[in-house]
Structure formats: C-alpha cells, structure tokens
Amino acid sequence: MESYSPLPLSSPAPVAPPLLNWAGNYRYSTTRLAQANSVEQVQEIVRTTDQLKVLGSRHCFNGIADSTQQLLSLEATEQAIYLDTDAHTVTVPASITYGRLAPTLHNQGFALHNLASLPHISVVGACATATHGSGIQHGNLATAVRAMEFVLASGEVRVLSPETDGDEFLGAVVHVGALGVVTKLTLAMEPTFQLRQDVYENLPLTQVCEHFAAIQASAYSVSLFTDWQDERITQVWLKQRLVPGAPLQPAPSEFFGAQRATQDLHPLAGLSPVNCTEQMGVPGPWHDRLPHFRLGFTPSSGQELQSEYFVPLRHAQEAIRAVARLHEHLRPSLQVSEMRTVAADALWLSPCYQQDSLAIHFTWKPDWAAVSRVLPLLERELSPFGVRPHWGKLFTLSATQLQSQYEKLPAFQALMAQYDPKGKFRNAFVNTYLAKPL
C-alpha cells in the first residue's frame with residue numbers, strides 16, 4: 001500500500017512548471033496533464049493509460065486528485081448545458097463551474113437548491129466530494145444529482161440514475177474520483193428565487209449553545225463565523241429567501257444579542273468586503289447571495305489551508321463547546337472558522353449520510369507545520385461525536401478512524417472492484433482511506 005501524506009514535501013523532478021492546486025499548498029506528483037475535448041477522447045486516454053486522476057478546478061487541499069503517472073483535464077470538453085424544463089433538470093458537462101452554470105439557469109427561470117461559499121468550483125468535483133452550502137433543510141450539493149455519465153476503467157461509458165440503478169447510484173454519486181471519469185451530471189432544478197443577506201456581529205457563544213436550533217432555522221442559509229476567541233461568534237450571515245410580491249421589511253437590529261452590521265463585511269476582519277456578495281438586506285438572485293464571494297474576484301483570503309469536520313447535529317452544542325476549549329491552541333494558526341448545518345442524505349460516502357450534520361470549517365494560515373499540530377487536537381476533541389472530515393480538505397485522522405464512520409464503505413469497495421478492478425483510478429489517498437489492497 002502506498003503511504004499517504006496530505007502535503008507532499010517533494011515530487012519527482014519536473015520537466016515543466018509544477019502543477020499546483022488553487023491555494024498553492026499542494027504540488028501534484030506529475031507534470032503530465034492530458035487534455036480531452038470529447039467523451040471519445042476521454043475513452044481513448046482511459047483505455048491507454050495504466051493510472052490516472054482527473055483535475056477539476058483544483059480547490060481540494062490534499063492529494064485526493066493526485067497521480068504519480070497521469071493527470072487529465074476536461075476543461076476543453078463541450079460547454080453546452082441541456083435543460084429539461086418538464087423534468088426540472090439540467091445536464092451539465094464535466095468542465096462547468098457553478099459560477100458559469102448558475103447565471104445561465106437564473107436567466108432561464110431556474111435555480112439550484114443551494115451553492116457552496118465559492119462559485120469558482122466545478123460542479124462535478126463538488127458533487128464527488130460532497131461539498132455543501134448551508135441550511136438545515138438542504139442537503140449537500142451532491143443531493144441534486146439525478147443522473148451521471150462516466151467512463152469506466154475499461155473505456156466503457158456508463159450512465160447511472162436512481163430509477164434504473166437504485167442503491168448503486170447512491171453509492172456512486174459521492175465517489176471521490178475512485179470509480180471513473182465523470183463526463184456529465186444531471187441535476188435537479190427549481191424555479192428561480194431571490195434572497196437578501198444580512199450580517200450581524202458579536203453573537204455570544206452562550207446564545208449559540210442555548211438557542212442553536214432556533215438560530216439555524218432563522219434563515220434559508222445560516223453561517224456563523226468565529227475566531228473561537230472571547231466566547232463569541234464574530235459574524236452571523238443570514239441569507240433569507242424572499243416571498244415574491246411580499247414587501248421588503250427592515251431587518252431587526254438585534255439577533256439573539258448580536259447587532260446588525262452597519263456596513264458590508266468580509267468574514268476575515270480587516271479585509272475589504274469588495275469581493276463578497278452583497279449584504280445589508282439588498283435583494284438579489286439566489287446565485288448572487290448564496291455564495292459568500294463574487295465570481296469575478298479572488299475568493300476568500302488567497303493563500304490559506306482549509307479543514308472541515310462534520311458531526312451529527314444532535315451533538316452540535318457539545319461539539320461547539322469542545323472546539324471552544326481549544327481557543328488558545330487555535331489562535332496562532334487560525335484565520336477564521338465557519339459553522340453551517342447540512343441535511344441528512346442517503347449517499348454512501350457523504351459525511352452527512354443518514355444524519356443531519358454540523359459542519360465546522362477552519363481556514364488556516366498557510367503553515368502546514370503549525371496546522372498539523374492543531375488538527376490532532378481538534379480531531380481528538382470531536383472524536384466522541386463520530387467526526388467525519390471533508391474529503392477534499394486537510395485532516396490527520398487515521399484510515400481506521402475514518403473508515404469506522406462509513407457503514408457503507410464495504411459496499412463502495414465492491415463498486416470499486418466492479419468498475420475499476422485493476423485500480424486505474426486509485427492513488428495514495430484512495431489506497432489509504434478507501435480501498436482494499438488489490
């Protein structure tokens with residue numbers, strides 16, 4: 001079995017400029033990057049390559065998409081999307097990002113149920129890793145998938161849907177790149193809608209613990225930002241869905257002891273809010289309010305590391321208190337932390353499989369040596385609650401700990417053996433955390 005490190009310290013000597021992820025913290029282990037502009041080209045590349053992984057928008061912080069042999073980009077594949085207005089679905093190519101898809105849907109009168117905080121990420125990659133938005137009534141982005149087309153290790157094109165494939169479909173949607181090359185996804189749509197976004201400052205942590213359910217139910221999407229210092233949530237971002245035709249009411253000046261902001265804010269204190277989506281209760285379309293950051297600007301703070309942990313919602317208050325106890329350990333390395341809720345789903349490898357969840361996100365300073373000392377402390381505090389990490393972010397949990405949280409992992413391993421019997425889509429990450437030895 002290959003050993004796995006979330007941040008490789010060295011790579012083979014490159015023959016071209018190194019390939020890096022978005023944050024610049026991860027150098028991929030090969031500079032061989034093939035470009036495919038059609039499904040047929042994907043099939044040919046898959047057939048003639050012993051081992052490969054697909055690079056999407058490169059927003060993962062670990063080696064989940066790494067390969068020592070061959071990387072594949074689908075950015076040059078077709079750009080067209082296909083609306084089925086009767087079925088309320090849209091079929092999208094592997095190359096598309098939410099930032100490009102969402103305005104197109106809105107202009108046609110449709111919306112997706114939720115978006116992540118960044119619109120810059122690819123749809124296929126976000127669904128493969130169970131990336132999410134916020135809202136206790138909303139599943140992660142992968143729960144919108146209604147069909148998927150992908151190329152198996154044999155080069156065969158396979159289409160899965162819940163109607164024809166049942167449990168197999170539920171097992172394949174969150175696949176972390178281990179089953180094949182996804183070339184198309186079909187997503188559920190709904191009628192377009194408007195949102196307003198209001199921000200509140202300095203919510204006492206005691207209020208969060210005492211009124212957690214009410215706070216999370218107070219808007220369509222709720223984000224709690226904190227540095228875990230001084231027993232308070234620094235900012236609360238409320239994204240409220242508007243009722244068509246209803247008059248716009250002023251936002252309350254107070255929210256569970258927090259005060260409404262008097263100007264636009266960035267989640268990171270001191271940074272300009274110019275790259276953030278509009279606040280102050282100004283109505284706007286769903287795709288201009290659900291993300292935290294605008295498509296046309298550099299997202300978040302730039303250079304950073306990220307981790308995220310999911311715990312069952314029933315343990316939310318205990319988990320929050322557990323993290324708060326580590327405030328002194330967090331202070332030197334943390335830029336900002338965000339808490340959101342995600343509804344339960346039936347997707348085998350989703351961190352929210354069969355449990356409503358609290359997601360606790362950490363944006364770190366770009367210092368892996370320091371962060372790697374903090375993560376085991378966090379994981380130890382959260383382990384009593386059945387913690388599950390985000391697949392595409394940094395964690396130090398052992399394979400045994402991680403695998404123990406996924407009761408459907410043996411069934412997923414059977415899918416891997418069926419779709420990819422020789423391990424063409426495996427890498428060190430997959431071999432460490434998901435696969436049985438070949």
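Predicted model: local features only at pLDDT ≥ 70, side-chain atom pairs only at ≥ 80, totals over all residues.

Visitor: Where is Phe-256 placed?

Guide: Phe-256 sits in the loop between β14 (254–255) and β15 (258–260). Its phi is near 50 degrees, a positive value in a residue other than glycine.

Visitor: Why flag a positive phi?

Guide: Most residues other than glycine have a negative phi.

Visitor: OK, and what's the phi of Glu-231?

Guide: Glu-231 has a phi near 55 degrees, also positive and also not a glycine. You'll find Glu-231 in the loop that links β12 (221–226) with β13 (232–241).

Visitor: Switching topic: which residues of helix α1 are buried?

Guide: In α1, residues 39–47, the buried ones are Val-39, Val-42, Gln-43, Ile-45 and Val-46. They span an arc of only 165 degrees around the axis, so they end up on the same side of α1.

Visitor: What do the buried residues of α1 pack against?

Guide: Strands: β1 (33–35), β3 (71–73), β7 (145–151), β8 (157–160) and β9 (181–188).

Visitor: Let's take β7, then. How many of its residues are buried?

Guide: 6 of the 7 residues of β7 are buried, so the rest of the structure largely encloses that strand.

Visitor: And how does β7 run relative to β9, parallel or antiparallel?

Guide: Antiparallel, with 6 bridges joining β7 to β9. Val-151, for one, has Val-181 in β9 as its bridge partner.

Visitor: How many bridges between β7 and β8?

Guide: There are 4, and that pairing is antiparallel too. Val-151 turns up again here, standing opposite Val-157 in β8. β7 and β8 form a hairpin with 5 residues between them.

Visitor: What's the phi of Gly-155 in that turn?

Guide: Gly-155 has a positive phi of about 95 degrees.

Visitor: Last one: is Ser-95 buried or exposed?

Guide: Ser-95 counts as buried because its relative accessibility is 15%, and the cut-off for buried is under 20%. Ser-95 belongs to the loop between β5 (89–93) and α2 (98–107).

Visitor: Which residues does Ser-95 touch?

Guide: Leaving aside residues up to four places away in sequence, Ser-95 touches Leu-74, Glu-75, Thr-77, Glu-78 and Gln-79.

Technical notes:
Residues numbered from 1 in each chain as written. Heavy atoms only, no water. Buried < 20%, exposed > 50% of the residue type's maximum accessible area, 1.4 Å probe, protein only. Helix = DSSP H or I, 4+ residues; strand = E, 2+ residues; numbered from the N terminus. Arc of directions from axis to C-beta. Contact = heavy atoms within 4.5 Å. Pairing = 2+ DSSP bridges.
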